[in-house]
Amino acid sequence: MIEVEALTKCYGPTRAVDGLTFTAQSGTVTGFLGPNGAGKSTTMRIIVGLERPTSGRATIDGQRYADLVAPLQAVGVMLDARSVHPGRTAFRHLLAQARTHGISRSRVDEVIEMTGLESVAGRRAGTFSLGMGQRLGIAGALLGDPHTLILDEPVNGLDPDGVLWVRGLVRDLAAQGRTVLLSSHLMHELALCADRVVIIGKGRLLADASVPELTAEGGSLEDAYLKLTSDAVQYRGRSATGSVVPITGVTR
Amino acid sequence: MSASASSPTATSARPPAVSGRGATFGRVIAAEWTKITSLRSSYLLAAVTVAVSGALTYLSANASSGDPGFDPLGSLTSALVLTPIGLLVLGVLVGTGEFSTGTYQSTFTAVPRRLPVLAAQVVVTAAFALVTSLVAVGAAVLGILPAAGSRGITVDLTGEQTMQILAGMVIYPMGMALFGMAIGALLRRPVRAVVTTVTLTLVLPIVLMLAADMATDPMAPSQPGSSPPAQAVVNTAVTFSPSGAGSLLTVPEGSGVEGAPDLGRWGGAGVLGAWILLPLAGAAVRLRTRDAT
């Protein structure tokens, strides 16, 4: 279980996360949504101890991440497909991670097999496509067979087969009683794999509900999301003709 | 290192059981060793260091082998103006590698206390540099043999002073690797760190010496035992630079630079040590108190 309580993170005058509270329960897949710059990645980085909150706290099964005895075996983390040295092979990258916790070489081979990277494990990570990098990141997250998984946009760049695989994987992990928190911008995908959805905008909580609750009005998850975040979008593109791209599907 | 090592039952509190003692210091060292030995750049820099050491020593010994009082041992350290640079860059790459590539994210989520990673980087950088330095010194010894042979001189490395110089030739480049690693860990960006360290060790001493040369009147009568003030200041600054202090380890005792305080072997080692420890302390503070970025 991941508990985020009144979490606030300021960078100078900017409030990236603003009094955010939510819980990701064990045995469920919790989708984490929000427009670009909403504070999703910052929240995840605070949960895993890479950044300090300005106030509030985040715990995993009641403990601060930094206090975990064997973090790799408690929490699997994939934040960024680029958290690999481009000059190191996939195998050696995973092996170095495994060695920090005395995890065996055979487990490294196992996660390489699970993520379908066998044929490229000896290649330097710098030669990987985005999708292969994502698979490597997921392999690293699975290394310690953790009870909690935190995945930042895991399906980003994956081929359809990979997307399907991640969907099955997180469903299986949740069915085993594990906690999965995953962010994504792919609404249709989240509607299929998430039990609950936490939506944030400008660092604040906009919704924390189950997928059926959000789609109760008859629209899709995407409709519900666009409606909820319409006031919180910070970066909005324009159409080629110069007008603001109309948000379709919003019914007010 | 791990506080929980003595309480195996502590893991039973949460399902599923977390096995193992987590990131002990020995394991973090093993992980960092895997990292340093899995990059081509490490081997490339080590190979260049060894090759430059052998080739430059060979050329220098050959060039002076015609001198009447030729002592092949005197050429042993002739490559030392360049060989520490390879290890310096190696150190910088270890110190900055985590941050320049985003690897820090997987590293610090595995070792959230962070400081063991920095300490382990010191250990593996020193170990890798030690092996490289030993081989480079071996290459330098091989480099003087042809010149010695051509003059019929037997090379004897067992003299006390020679042994001390050989030890210095191993320790000084190791120190430079750690200096690079410390600055790299502090600055976190390879270009910045390389520019900073190369400026401090190579560029600044040369620029200062040239400036002092130009400021000194060459026609002024030279007084034995004293040097012009500008020269003395420059020599002192150069002596306290990482390379100046480090090279004191590789010269016979009492051969300090004119006008500069004679630090001696231990003094030189101390100054080089300070060049390592101060940025390392800064890097440790930055690591503990700031967000990892």
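Predicted model: local features only at pLDDT ≥ 70, side-chain atom pairs only at ≥ 80, totals over all residues.
**View 1. Where chain A meets chain B.** Let's start at the interface, where 38 residues of chain A are in contact with 38 residues of chain B. The size of an interface is often given as the accessible area lost when the parts come together. Here, chain A and chain B bury about 3,200 Å² between them, and 54% of that is on carbon and sulfur atoms.

**View 2. A salt bridge across the interface.** Zoom in on Lys9(A) and Asp291(B), whose side chains meet in a salt bridge at 2.6 Å, N to O. The rule finds 1 salt bridge across the interface of chain A and chain B. Polar contacts turn up here too, with a count of 15 residue pairs between the two chains, both residues at pLDDT 80 or more.

View 3. Three elements of chain A each give two or more residues to the side that touches chain B: strand S1 (2–11), helix H2 (71–74) and helix H3 (90–99). H3(A) gives the most, with 6 residues. Sorted by class, this side of chain A has 16 nonpolar, 11 polar and 11 charged residues.

View 4. Now move to helix H1 of chain A, residues 40–47, where Thr43(A) lies. Is Thr43(A) buried or exposed? Thr43(A) counts as buried because its relative accessibility is 0%. Leaving aside residues up to four places away in sequence, Thr43(A) touches Leu7(A), Val17(A), Leu20(A), Phe22(A), Phe32(A) and Ile200(A).

**View 5. Strand S5 of chain A, covered on both faces.** Strand S5(A) spans residues 75–78. Val75(A) and Val77(A) sit on one side, Gly76(A) and Met78(A) on the other, and all of them are buried. Next, follow S5(A) across to strand S6(A), residues 148–152: the two run parallel and are joined by 4 bridges. Which residue of S6(A) is the bridge partner of Val75(A)? That partner is Thr148(A).

View 6. Among contacts in chain B with a separation of 6 or more, 77% are between residues 24 or more positions apart.

Methods: Residues numbered from 1 in each chain as written. Chains lettered and ligands numbered in written order. Heavy atoms only, no water. Contact = heavy atoms within 4.5 Å. Buried area = accessible area lost by both parts, 1.4 Å probe. Salt bridge = Lys/Arg side-chain N within 4 Å of Asp/Glu carboxyl O. Polar contact = N/O pair within 3.5 Å; in protein donor to acceptor, adjacent residues only side chain to side chain. Nonpolar A, V, L, I, M, F, W, Y, C, P; charged D, E, K, R; others polar. Buried < 20%, exposed > 50% of the residue type's maximum accessible area, 1.4 Å probe, protein only. Pairing = 2+ DSSP bridges.
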